[in-house]
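Subject: Structure handover

Hello,

Here is the structure I said I would pass on. My notes on what was found in it follow below.

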Amino acid sequence: MTDSSVEIVEGCRLPVLRKNQENEDEWPLAEILSVKDTLGRKLYYVHYVDFNKRLDEWVTPDRLDIKKLQFPKKEAKTPTKNGLPGSQPSSPDRDVRKSLDLNVQSASAPSRGKTLPTPKRKAESVSLASQVSAVTSVPSLPSSAEVSQASVYPAVREAFSTKSREDEQLTSITTNGTTRRILPSQPGRKRKNCGTDEMIKVFQYNSPRNASSCLPPGEDSQDSSDGIPSAPRMTGSLVSDRSHDDIVTRMKNIDCIELGRHRLKPWYFSPYPQELTSLPVLYLCEFCLKYLKSLKCLQRHLTKCNLRHPPGNEIYRKGTISFFEIDGRKNKTYSQNLCLLAKCFLDHKTLYYDTDPFLFYVMTEYDSKGFHIVGYFSKEKESTEDYNVACILTLPPYQRRGYGKLLIEFSYELSKVEGKTGTPEKPLSDLGLLSYRSYWSQTILEILMDLKSDTGERPQITINEISEITSVKKEDVISTLQYLNLINYYKGQYILTLSEDIVEGHERAMQKRHLRIDPKCLHFTPKDWSKRGKW
């Protein structure tokens, strides 16, 4: 469907033939990012608009629908307001970022040209009145002294639908914001906002009123109730602010990676040395993660490599699963190689070769040949914002087998030993948010279903108590309760409603969750990194 008389250049958009999940033909709109000649035939690197970048690929001319070709808009040559020249041809990502930056700046920046640091969230709930316009009436939050009793019923609500849940999660991934929609209070009835110290009872009857709008979503929450994304946190050393985006980093540069007995197809760009990007296969030692250009080089390396497990201390072992703690300063080469491999499958993080401020926790599976890497997560040695995970990844051959949830559970077990509550660094990837949402939901429901009352009355619990038991940050607890639609307002009290559908769905999910962390097998002593002059 191509016309040789029309020249297709970078920045053009047109429908491209691809197979969907049902193996059916579809023609989504795609943007041409690069053009190359191979053996006298042109190939086009395309990004499918509104699709994840991991689906980007090289396509042949016969898959292009030239009849609906859209040429890139010409950029104005006049300088912009800040004196900088015009940028590259417009692309979907760039357009969205520009509009988001304008929204965020107009909503939050009081003066032009200045970047204000984000104030740290107070320990208790803050009044939401400052976050909405004066037209919307928002009742004030109760003080810590005004703690009222509330209750929890299992109510009748819609059954768990995995597909709809994932759709909701993916929507929140796309928007990735923290701006909240504040609903006006009902006329004729005064309502208080639910504080985190307020007692909440669990009931088993239908509750007509939903009070999720009364609970302030966490500022670190990934969800957005009105779909306005916020800019990523710029102080996190692994968060990508997208300012360095260009055509080179938008394209996959490695075709295939051989790691042990697996061959992996990278999803995204990773800054491996330029001379390795033209190879059909990049070979990695699965124990030290050193990259080599040929199978012969790998075989020669294996005769000299003494490692059969990641460097560092083994702090957990149960069955065939082990976790190793690796200091980014003491094992710099391994940590850098791990970051290079992880970048192939993480698009929203930017790679820094300075691994000194980080600890890496590598999960392995043991057999007769050694400890094989399954996944890992990293965390800052000193986090001022209670982040217990910076990057987290399960390698593709081990995905959809429960290892992702195991990594998350292990990160919270470390937080429990440290006596802290933690939260993952934002923004989360689409798969990361799905895993965290599922873990938070199962963990909180497990707590609520195990609640017993000594007095015979319905059990009571506060948000703070849930947070202390699970080490999940309060904002994440609140956003999860809202996501599950468990919080309701009934007869002047806040109640958690556990319907039969929720209980049955939770029990089915827990039956499938065979991999769990055993705290008795964890041998970990937290270090006070603030007292060390250098890491």
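The chain holds 9 helices and 21 strands, where helices (H or I, at least four residues) and strands (E, at least two) are DSSP runs numbered from the N terminus. This is a predicted model, in which local features need pLDDT of at least 70 and side-chain atom pairs count only at pLDDT 80 or more, while totals for chains, interfaces and linings use all residues. Residues are numbered from 1 along each chain as its sequence is written, and side-chain values use heavy atoms, with hydrogens and water left out.

Of the 535 residues in the chain, 48% are buried (under 20% relative accessible area; exposed is over 50% and partly exposed lies in between, with a 1.4 Å probe and protein chains only). Taking contacts (heavy atoms within 4.5 Å) between residues at least 6 apart in sequence, 68% join residues at least 24 apart.

The sheet

An open sheet is formed by 5 strands in the order β12-β13-β14-β15-β17, with antiparallel pairing; two strands pair if DSSP finds at least two bridges between them. At the edges are β12 (313-318) and β17 (391-394), each of which pairs on one side only. On average, neighbouring strands of this sheet are turned by 20° against each other, direction ignored. Helix α4 (residues 332-343) packs on the sheet and touches β13, β14 (358-367), β15 (370-380) and β17. The direction of α4 makes about 80° with that of β14. Between β12 and strand β13 (residues 321-327) the antiparallel pairing runs over 5 bridges, and K318 stands opposite I321 in β13.

Helices α6 and α7

Helix α6 (residues 430-449) packs against helix α7 (residues 463-470) at an angle of about 115°, and their axes are 11 Å apart. Axes are lines fitted to C-alpha atoms, for helices over the stretch in contact, and angles run from 0 to 180 degrees between N-to-C directions. The angle makes α6 roughly perpendicular to α7 (65 to 115 degrees; under 35 is roughly parallel, over 145 roughly antiparallel and the rest oblique). From α6, T443, I444, I447 and L448 meet I466, I469 and T470 in α7. The residues of this contact divide into 5 nonpolar, 2 polar and no charged.

S411 lies in helix α5 (residues 403-418). S411 is buried, its relative accessible area being 0%. Leaving aside residues up to four places away in sequence, S411 touches F377, N388, V389 and Y436.

Regards

Definitions and conventions:
Ala, Val, Leu, Ile, Met, Phe, Trp, Tyr, Cys and Pro count as nonpolar, Asp, Glu, Lys and Arg as charged, and the others, Gly among them, as polar.
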